[in-house]
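I opened my notebook next to the model and wrote down what I looked up, one topic at a time.

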Amino acid sequence: MSRRWSQVHCVAIGFCLILGLARIGFASSSCHSEEADSLYKVGLQFADPSQTKDHDSVFTYLERALVVAKRECGGDSPAYGRYLSLTAWYLHFLKGDDRLTDSALADARALWSSIDDHPAGEGQFYLTQGILQLDRNEYALAQQSLNDAIRCYVEAGPDRRRELAQSYDNLGVTLQVIDLIDSAEVCFLKAIELWRLGGCHQCAGIAKEFLQMGVIASIREDYSSASHWVSRALSIYRDTTLPSSQMEAHSLKMLGIIHALQGQYDSARSYLSEASALAEHLFFPHQGQRYHPAMRLADVDFAQGHYADARERYETILAALRKSHGERHPVTANVLKSLALCDLRLGNAGHALAAWKSSVNVRQAFLADVMPYADEDMKLMYGMNYSPVDDELLTLALSQTEEFRTLAFHSVLQGKARVLDALSAEHAALFCRANPIIEELQARRSVVGHALAELTLAGETISANRPDSLASLYNSKRELELEIGELCANSAIGSEMRHVTRADIAGALSEYDVLIEYVRYQPRGIRDRRGEIVPPKFQPIGQTNDVYLAEPVIAEPEYLAFVLDVENELHAVSLGPAKVIDSLINMLHRVLSGESTAAGYANTHSPFQALYTAVLEPVSPMIDHASRLIISPDAQLHEVPFAVLQDSGGRYLIESKEICNVTTGRDILSWGLLIEPAPRPEAVVVAGPDFDALDPAVHPVWHVSVNRPMPLAEQFRRDVGDECLSKPFFPLAGALEEGRKAAELLAAAGFDVTVYTGPEASESLIKGLRSPPHVMHFATHAFACDQQAFSRHPHRPVNPLLRAGLVFSGVNQQLLSIESDHNHDVQDDGFLTALEASYLNLVNTELVVLSACQTGRGDILPGEGVFGLSRAFQNAGARAILMSLFDVPDEASQELMQRFYRHWLNGTRKSLSLRTAVLEMLESQRNSDANPDPRSWGGFLLLGNPN
């Protein structure tokens, strides 16, 4: 997104969460405690920023109100429930204690679920939960909770218009955050209508919606409308009391930003100065809102080219932040980066480098602090939002000194796939400690994971009678992950978050290795008189005659390649616009899937050669001497089967290089770690499941509708709305033979092999494995559904690990139409989703072979890689994964696997074994006078430890 969006985005989140529930209406009930209400109102006075601002007293009085309400009305009364919801809100926003917050919220959830016909109280709970989820960046869950709040308040009647308006307001903010701007605007307009129907024409509630509309207009760059809306809000806030004083500061800041975006810096400075003075009076030092206006003032100085003034402001803010937020906070890191940019403009190269190093280190330290204590979704949010990787720093890597190039490379090493590292370390600690409490928690998490997978894939047919099941399961998953994270060895996660340098990586490379670390970024520089993007230089702007605009500008995304060898030689090479490379990747997959032709694979205009020219030719001088390429892709480059790319002479890359993929260059450091040797290593082979099997010993008897005796429930799949799961699964002709041959080769090499085929190849069997085998081989179908497939059900959780998986026996029978009142409580539905696979214990597993189509595909998240089956088996602890990027012919897959095993089991490293197998098939095609067909041998790649 643009810089403009990032500014208004923070504003939108901030003012919707300040005092959204401070005056929430209480649900009417048969019992009413005047003493409890009085205690609550006294406590609320301590939250008044114009008064004492004593947040501890707020909680003290609220606790007393809880005790009184429980004593006078009972622990199962609506009066007690309303205070539980308010307590959860204050625990989060005023005390920052998420564990106590979740406990209070769980108590409120249990209470309201036990009270019949009390929609207003239930709505209060859902509104509270939705606001907390929004603040935690759990947008899918917040969206569902807020829709539930709206439903409850509509049922409660017109006297709940105030709470209904608040629900629409927060739903609008949620939709705005996920870029559904038009839908967000509809929510804000609905909230305005509700405030007016309730007689509120000049109150703080409607002013807040005016401010939201101003944000919407700013995003659309309609600054005239934005100023109009925000000015109306400001005039109301200036005439009202609590909570308008804080919102007045937000309105002034927003007007300042709007004027700055239009280049009206004098008026922007006036608004921001007033907002800064007000914020300093209203907010505590630990509240980020206190410093936002001052930071925007410094940004205005920077945009006008007043770098010395901007630097002085940033220094003052930094000193205050270090006292209030500490040295290991992302806001501190942002100000350090701003200082570095000022020093660059002022020609202070040494100071700029030092400040930027500090910024990278602060972000890294922050991630190390928070990762162990966060659930999986929060880990992902932290990893993506607080990554040490900076677009400005990557831009400098191409134009500045080796010190900046090294720092940029270090930021990439520190930032890519940090969530995967944290989860893998936690998983290893989980299974390597003989702790019955942890084992019980893990077992409970597996059950929750299965239930989530079942309901997500089932659609409305199964979950229609349980509308809140998914939300409840996600809450259970989160609570279990927090408990597991705290009990597991946090030191193990901390060690995975340690600082890694280019020297560390170079020292782990062999003499025949070269690492290529790809990065997708947005170049940020200064526009010259010709309109071109020029990276920032060390000399002051005033000394550069060609530069007329000091404000940094953002170009279209590009790809950048870092190349590192064993001699510690580091290069940074620009690969050009990402949209060009991404279009070539899409073209390549269309050719490999048979959707289009390349007019002969030797054609110089084929995507095989065009993509080689784009991503490998620019780095060819740095990699020519290497015999093995260790490739760490980014963004859509994860979908590139590098083996099939051709140079200008028509030679495939696999013919000249051994190839191994890694998620990040840090992975190389773990290759030297040895697993515990076993006297007779175990191997599990699952091949050729009977997709139509219905074994009563494995599956319970279902009541199948006689009116729909179809092999796959069409209604079931229509509910999911997913084309990739809309047809029955047919047998794979070569899968059984592939599994038999693999088992024979493994047994001959000394493995204790267990083979599961036909009806025995069940999902529950895989999830029931008690110890990690040395090798796992799957020869079956796989699926990877994109989010668009679930678009008809916007409230369904969007975890990508629930939309990819492997298919096992009985899946077609499991999908027969089921009577809607059936409980559908089975442990084996034939689908092993990636989420379920991530809970397996594969800590000592050397190799997982996913011999199915597109097992390497999934959702690609910036900086974190592919979220699909490969990610799941990495989370589970597998050291290496052999997977496919496109549909591979059955017979060709069988042949490739046999050749690979022969070489690997004879002592050849995995990456070389794969290359040798491919070259043998390529040579065989050429000897038969056939054109080499990459579709038969180029689809598989090795991810992880190649040795």
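**Overall make-up**

I began with the elements and found 39 helices and 19 strands in the protein; helices (H or I, at least four residues) and strands (E, at least two) are DSSP runs, numbered from the N terminus. This is a predicted model, in which local features need pLDDT of at least 70 and side-chain atom pairs count only at pLDDT 80 or more, while totals for chains, interfaces and linings use all residues. Residues are numbered from 1 along each chain as its sequence is written, and side-chain values use heavy atoms, with hydrogens and water left out.

Next I looked up burial: 60% of the 947 residues of the protein count as buried. Buried means under 20% relative accessible area, exposed means over 50%, and partly exposed lies in between (1.4 Å probe, protein chains only). I also checked contacts, meaning heavy atoms within 4.5 Å. Among contacts with a separation of 6 or more, 76% come from residues 24 or more positions apart.

**Helices H10 and H11**

I then turned to H10 and H11, which pack at an angle of about 160° with their axes 8 Å apart. The axes are lines fitted to C-alpha atoms, for helices over the stretch in contact, and the angles run from 0 to 180 degrees between N-to-C directions. That angle makes H10 roughly antiparallel to H11; angles under 35 degrees count as roughly parallel, over 145 as roughly antiparallel, 65 to 115 as roughly perpendicular and the rest as oblique. The crossing of H10 and H11 is left-handed, a word used if the near helix is turned anticlockwise from the far one by less than a right angle, with right-handed used if clockwise.

Which residues meet here? On the H10 side I noted, among others, Ile 206, Phe 210, Leu 211 and Met 213, and on the H11 side, among others, Tyr 223, Trp 229, Val 230 and Ile 236. The residues of this contact of H10 with H11 divide into 14 nonpolar, 3 polar and 2 charged.

**Aromatic pairs**

How many aromatic pairs does the structure hold? I have 12 in my notes. Rings of Phe, Tyr and Trp (its six-membered ring) pair if their centres lie within 6.5 Å; planes under 30 degrees apart count as stacked, over 60 as edge-to-face and the rest as tilted.

One of the pairs is Phe 210 with Trp 229, which is tilted, at 5.6 Å centre to centre and 40° between the planes. Phe 210 lies in helix H10 (residues 204-219) and Trp 229 in helix H11 (residues 223-237), so the pair ties together parts that are 19 residues apart in sequence. Phe 210 is buried at a relative accessible area of 2%, and Trp 229 is buried at 18%.

Phe 366 and Tyr 386 form another pair, an edge-to-face one with 5.1 Å centre to centre and 75° between the planes. I placed Phe 366 in helix H17 (residues 349-370) and Tyr 386 in the loop between helix H18 (376-385) and helix H19 (391-397), 20 residues apart. Is each buried or exposed? Phe 366 counts as buried at 10% relative accessibility, whereas Tyr 386 counts as partly exposed at 25%.

I also marked one aromatic cluster, formed by Phe 778, Phe 808 and Phe 873.

**Helices H37 and H38**

Helix H37 (residues 890-904) and helix H38 (residues 910-927) have axes that come within 8 Å and cross at roughly 130°. That makes H37 oblique to H38. Their crossing is right-handed. The contact includes Leu 896, Phe 900 and Trp 904 of H37 and Leu 914, Val 918 and Met 921 of H38. I sorted the residues of the contact of H37 with H38 into 8 nonpolar, 3 polar and 4 charged.

**Two positive phi values**

Most residues other than glycine have a negative phi. I noted Ala 635, with a positive phi near 50°, in the loop between strand E7 (628-632) and helix H30 (653-656). Ala 635 is buried, with a relative accessible area of 13%. Gln 854 has a positive phi of about 60° and is partly exposed at 28%.

Methods
Nonpolar A, V, L, I, M, F, W, Y, C, P; charged D, E, K, R; others polar.
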